[in-house]
Amino acid sequence: MDSILVKGGAALNGQIAIAGAKNACLTLMPATLLSEEPLTLTNAPRLSDIKTMTTLLQSLGAEACSMQDGQVLALSSHDIHNHTADYDIVRKMRASILVLGPMLARDGHAVVSLPGGCAIGARPVDLHLQALEALGADLDLRDGYVHAKAPGGLKGGTVDFPIVSVGATENVLMAATLAKGTTVIKNAAREPEIVDLADCLRRMGAQIEGDGTDTITVQGVDRLGAATHPVVADRIELGTYMLAPAIAGGEVELLGGRIDLVEAFCEKLDAAGVSVTETEKGLKVSRKNGRIGAVDVVTEPFPGFPTDLQAQMMALMCTAEGTSVLEERIFENRFMHAPELMRMGARIDVHGGTATVHGVEKLRGAKVMATDLRASVSLILAGLAAEGETLVGRVYHLDRGYERLEAKLSACGAQVERVSTK
Ligand code: UD1
């Protein structure tokens, strides 16, 4: 099994190109199921989660092939012959639930396995299901599967989410494009990935207004057509690599980075003593002066501080001057990186959804274990700042969301390599 070996202490200088967003691509790909005509996605990230979604779409009868070294995905769903998303694929990746809305909207029936729990909490799909019911879907849960029907097609309706859900907003947004009449989605997620999905659906012929706000209105159409769409930049990959020079020193330019994707995060970096400036090609990041200061963070839906950057921010706070409080409000079990960071000398107290981090002057390299995608990269960031060697195990988590991480960091002078361990 592969591990990542980080030799700490080197400052980072250079450029890192930001890939297309994993989370955007994972919702854009199922959009192919809405149309009989081709959907081409450019700027796709090369990640194992994208391969898993490709396998799922192919299992349904879609054609999916990757070109240009995986950066272009050519998808076509003219012949969907299987309407069941099997447990063996869905359990690997929760985003698989996103095939439910599109299949149901186009063909009037779909069977999708329930995803089950995951490392960062129970993560139910009740909101996805309630939203589709509001569009007239008839749902039956049995044998671990959702059996969904809408024999006469879905009908526009009002969906009012009790809490903001990115995935449920995406599922019902896709479904509503082919529902008869008007759908209003209230308390919708406002993430850039939702706006990217709406842009792509509009290119396919959908009528959508209000994406990027908390109320999205969709006027259903009879059919959607072909489209080519570039995947938006990955704000989580961007934020992660912005933290690399913040934690290790040096100056790195993030090519394709945009402030509007990471505004709340940039405010915290500024307060901690990290300089972020816009350049022609992206964003340049370095430490202002001296040691990083402690800042408090509360995770919230966009435009708030993203939960997917909480673990990485904690790594930075481990070496900050003073005490910071990180409150996780999106997922109930998302501090599994804390005990691993403590193996590296960090001082962290976790109580429920709150972690109190007492900054130390130096972390020390250690053998640590990745527990989920963002947790694993937080350990690599910590390793960049630590004295000695850090060996991060279970890197298959990392490969789900970071393409060529070792190459990107090494090009800036970091000592990071993939090694085979038993
Ligand atoms: C997406 C992202 C994930 C990110 C998360 C929050 C993808 C593939 N994944 O996940 O990286 O961390 O947004 O920004 O885009 N909930 C329910 N019932 C539901 C759905 C969600 O109770 O039916 C709860 C969740 O348990 C969680 C909260 O709502 O507490 C928000 O989750 P949600 O926004 O749905 O996250 P995902 O779409 O799964």
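Where is T307 found?

Mentor: T307 is found in the loop between β18 (297-298) and α10 (310-318), where helices (H or I, at least four residues) and strands (E, at least two) are DSSP runs, numbered from the N terminus. The model is predicted, and local features need pLDDT of at least 70, side-chain atom pairs count only at pLDDT 80 or more, while totals for chains, interfaces and linings use all residues. Residues are numbered from 1 along each chain as its sequence is written, and side-chain values use heavy atoms, with hydrogens and water left out.

With a relative accessible area of 11%, T307 is buried, a term that stands for under 20% relative accessible area, as against exposed for over 50% and partly exposed in between (1.4 Å probe, protein chains only). If residues up to four places away in sequence are not counted, T307 touches T299, E328, I330, F331 and R334, contact here being heavy atoms within 4.5 Å.

I330, one of the residues that T307 touches, leads on to the ligand, since 18 residues surround the ligand and D126, L127, S165, D308 and I330 are the closest; a residue is near a molecule if one of its heavy atoms lies within 4 Å of it. A polar backbone atom of I330 is 2.5 Å from an oxygen atom of the ligand, a backbone N or O atom of L127 lies 2.7 Å from a ligand oxygen atom, and an N or O atom in the side chain of N23 is 3.0 Å from an oxygen atom of the ligand. A polar contact is a pair of N or O atoms within 3.5 Å; within protein, one must be able to donate a hydrogen and the other to accept it, and residues adjacent in sequence count only if both atoms are side-chain atoms.

Of the 740 Å² of accessible area that the ligand has on its own, the protein covers 84%, with areas taken from the Shrake-Rupley method with a 1.4 Å probe, and for residues only the protein chains shown count as cover. The elements that give two or more residues to this shell are α5 (126-134) and α6 (166-176), and the largest share, three residues, comes from α5. By class, the shell has nine nonpolar, five polar and four charged residues, with Ala, Val, Leu, Ile, Met, Phe, Trp, Tyr, Cys and Pro counted as nonpolar, Asp, Glu, Lys and Arg as charged, and the others, Gly among them, as polar.
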